[in-house]
Every structure is written in structure tokens, then in C-alpha cells.
Amino acid sequence: MRQFISREFPDKKGLLRICGKDFRYLRQVLRLKPGDMLSVRFSDGTLQNTTVCSVDENSREILLQICGKSENFETLDVTRGTKADEIQNSCPQIEYFLFQYISKPAKMEQIIRQATECGVKYVIPVCGEFSQKQNILSMQHSKKERIERIVREARQQSGSPVETEILEPVSTENAISFWQEKKSFGSSGSLEQNSVAVVLWERNEKTVSLKKIFQPENSEKIKKIAIVVGCEGGISPAEVDLFLSAGFNAIHFPGNILRCETAALYGIAAVQSALNQ
């Protein structure tokens, strides 16, 4: 675990009480004990280092203190490898939008998990021509708690500072409208020109290379990136044309045809790599 995502804020004394399922995970899986240190991220995005003050097995409660190292115990940082604050400081301030055509439920969950780990801000399920009706219904009626748990666990393991949001399913037209609205204005309300939108396509006509899109002189200015990925069967030519007419760039990766869950991760990674070259 790179960080623990807390649903609650500490009290005025800087104490945070952990109980329920979170107690079980921290105690039985991470084996936290008094003196251990743990990075905690709160719902406002802030990241704090905490020390385990006490573990009460009877009431099944762990008490964390926002402070430095404890003087009474030999401290152990339970964060493995790179710490969450180091990840946060190295992350470029770019918002990623994944427009994912709805596929089978298990695949959608995998895509959501991997997109969260990659720091995607918005995952927007899209109802497409090749999306099966039962998969669309499943996504529309998916349990919010399960999706939130998938996102939370992915953020805890990856250390992502991005609060990934899974939106309600939309049509292709509404997906384009959502992107047009989001890319038009920056956080200050000013017109945001530095955005890039790509749609992954198994065909190579009407496509451009990532190298051409992410020119070195323009890459540093980019603040928002949209990536469109198809479901089983891909994206129909008509849907691709809608995206192209809205200013998206069609991208084709030579080689094998990828499963939709592989394509999503591959596409995100390829865009991020091209951007950082």
C-alpha cells in the first residue's frame, strides 16, 4: 500500500480512528502495530504522514496521529517502495479522460482499476453500436459501492493523488459534448486551448501518429487529454467519424489486435510515454 484513503478527517487533536473493514485490512493484512507510520490521503486531496498510536483488538479500532515519528516505539514505515508524497511531487498536472465503450462487466472493472492506477481523472462509459445491451444494463445498474471500492483500492496500492471519478454511461454524442465542455475552460474559468483528444482505432485510415500529435514544443502546454477506446468489436466507422468531426485524432497501433481491456491500458501508457518524451 502506497497510501491509505480516509473517508473521515482527523479531529482537532489530529487523531484519526480507523474501524470496521479498514481496521481488518490495516491490522490483518498490513499488520500495523503501534509506532508504524502510514501515509493517509483525505477527501480534499491532502496527504499526511501518520503514526499508529494504538491498536485495540477488543473494539477493533486503530488510532492514528498526524505527527512525525513516535518517541515511545521503534517506528516502521509500512509504505513499500516509492512513497505517495514522492509520486505526487513527480506527477505532471494533466487531467486524463478515458471514454471507454462499455464491455463485459469484469472487463470494465479491470479497465477502471488500471485507469485509476494510471492517474486517469474521469472514466466515462460510452454506449456504442458494438456494446451489447446486457453489458450496458449491467453498467447502468452497477453498485456504486463496488466501483468506489475498486477505485479506492487502486489508489491505495498505486499512490495516485488523482481522485478518479467514474461517471454515468452516456451516448457517443453526449460523450463528445462532455469533452467539449470540459476542455473549453480551465480551472480559472479561462478558455483552455491546450488539450488533445485521440480515439484508438484498429484500422489505419484517417489516422495520425502520436509523435506528430505530441510535438516537443507543444507537449509542455498540454493540460487535458481525452482517450477513446472501443469495446469488444471495437468502434464503428460512423462513431469514429463523429469523433473526428469533433476534433479528435484517430490513432492506430501497428501489430496485433488487442482486447479492449488491454487496449485501454496500452493506449493510456502510449499517450503518457509520448507526452513525456
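1. Exposure of arginine 60. This is a predicted model. Arginine 60 has a relative accessible area of 36%, which makes the residue partly exposed. The loop that holds arginine 60 runs between β4 (47–56) and β5 (61–66). Its phi is positive, about 55°, although arginine 60 is not a glycine. Most residues other than glycine have a negative phi.

2. Arginine 31 sits in the loop between α1 (20–29) and β3 (36–41). With a relative accessible area of 61%, arginine 31 is exposed.

3. Aromatic pairs. How many aromatic pairs does the structure hold? There are 9 aromatic pairs. One of them joins phenylalanine 97 and tryptophan 179, with 5.1 Å from centre to centre and 75° between the planes, an edge-to-face arrangement. Phenylalanine 97 belongs to strand β7 (residues 95–101) and tryptophan 179 to helix α6 (residues 172–184), so this pair ties together parts that are 82 residues apart in sequence. Phenylalanine 97 is buried, at 1% relative accessibility, and tryptophan 179 is also buried, at 1%.

4. Another link between β7 and α6. The ring centres of phenylalanine 99 and phenylalanine 178 are 6.4 Å apart and the planes are at 70°, so this pair is edge-to-face. Since phenylalanine 99 lies in strand β7 and phenylalanine 178 in helix α6, the pair ties together parts that are 79 residues apart in sequence. Phenylalanine 99 has a relative accessible area of 0% and is buried.

5. The ring cluster. Which residues do ring pairs link into a cluster? The cluster consists of Phe97, Phe99, Tyr122, Phe178, Trp179, Phe243 and Phe248.

6. The largest nonpolar core. This core has 33 residues, and those with the most contacts inside it are Leu98, Phe214, Ile225, Ile227 and Val271. Several elements give two or more residues to the core, among them β7, α3 (105–117), α5 (144–158), β12 (224–229) and α10 (260–276). The element that gives the most is α10, with 7 residues. Leaving aside neighbours within four places in sequence, valine 271 is in contact with Tyr96, Val198, Leu210, Phe214, Ile225 and Ile227.

7. The second core. A separate core of 22 residues includes Phe99, Ala175, Ile235 and Ala250.

8. A buried glutamine. Is glutamine 156 buried or exposed? Glutamine 156 has a relative accessible area of 6%, and because this is under 20% the residue counts as buried. Glutamine 156 is in helix α5. Not counting residues up to four places away in sequence, glutamine 156 touches Met1, Arg2, Gln3, Phe4 and Ile5. For isoleucine 5, the backbone nitrogen lies 3.0 Å from a polar atom of the glutamine 156 side chain.

Notes: Residues are numbered from 1 along each chain as its sequence is written. This is a predicted model: local features need pLDDT of at least 70, side-chain atom pairs count only at pLDDT 80 or more; totals for chains, interfaces and linings use all residues. Side-chain values use heavy atoms; hydrogens and water are left out. Helices (H or I, at least four residues) and strands (E, at least two) are DSSP runs, numbered from the N terminus. Buried means under 20% relative accessible area, exposed over 50%, partly exposed in between (1.4 Å probe, protein chains only). Rings of Phe, Tyr and Trp (its six-membered ring) pair if their centres lie within 6.5 Å; planes under 30 degrees apart count as stacked, over 60 as edge-to-face and the rest as tilted. A nonpolar core is a set of buried Ala, Val, Leu, Ile, Met, Phe, Trp, Tyr and Cys residues joined through side-chain atoms within 4.5 Å. Contact means heavy atoms within 4.5 Å. A polar contact is a pair of N or O atoms within 3.5 Å; within protein, one must be able to donate a hydrogen and the other to accept it, and residues adjacent in sequence count only if both atoms are side-chain atoms.
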